[in-house]
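Me: Hi! Could you walk me through this structure?
Reply: Happy to, here it comes.
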Amino acid sequence: MHVVIINGSPRTCEFSNTSKILWSFVKGLETEGVSYELYSLSNLREWESARNAFLTNDKIIFALPMYVESIPSLMLEFIDTLSEERNRPADLAFILHGGFDEGYQFRLCEMLLKSITVQLGCNYGGCLIKGGSFMLRLFAKDKVERMTNPVNPSKFLSSEKENVMTKDGCACAKSV
């Protein structure tokens, strides 16, 4: 399997909580032998490559922070540049995180992400929700690893249609 991951955080990778979560996710992909491409929208030079990868791959994940129950404007701007014409529909999934520990604040944003999936001519592949990530980038490496370790790529990328809530508050919502 091959996955395209697009980091929708406006922060550069060094200062991005989203990047910290993605590093854990990518480690899991590597462990499972899944190949991936990773693009960061904070680097405008990567936009063209990210657009091409979006149009030519079947498994795509947008990772993003939730800002006031919505998505960052930088990611919206990038989405506006995507063509709605694909040769075949892709599975489009999301990793959504924010400072709230409770998952219900994320549901409004998740509904918006579902509608974007339809607008882009893709199949909704689910939304992995990680709460409590406020200031993650400022924590020591061992604490970051403990907080992001539960992100399990194989469960999230599987075709199983179920909702999973782990004991540490990481929710995986798949369409039913």
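Reply: First a term: helices (H or I, at least four residues) and strands (E, at least two) are DSSP runs, numbered from the N terminus. This is a predicted model, where local features need pLDDT of at least 70, side-chain atom pairs count only at pLDDT 80 or more, and totals for chains, interfaces and linings use all residues. Residues are numbered from 1 along each chain as its sequence is written, and side-chain values use heavy atoms, leaving out hydrogens and water.

Me: What does L74 touch?
Reply: Not counting residues up to four places away in sequence, its contacts (heavy atoms within 4.5 Å) include S9, P10, L41 and W47. The C-alpha atoms of L74 and G8 are 7.1 Å apart, though 66 residues separate them along the chain.

Me: New topic: how many residues are in the largest nonpolar core?
Reply: It has 31, and F62, M75, F94 and L113 have the most contacts inside it. Such a core is a set of buried Ala, Val, Leu, Ile, Met, Phe, Trp, Tyr and Cys residues joined through side-chain atoms within 4.5 Å. Among the elements giving two or more residues to this core are α3, β3 (59-65) and α4 (107-119).

Me: Which residues does M75 contact?
Reply: Beyond its neighbours within four places in sequence, M75 meets G8, L41, F62, L64, F94 and L113.

How values were computed:
Buried means under 20% relative accessible area, exposed over 50%, partly exposed in between (1.4 Å probe, protein chains only).
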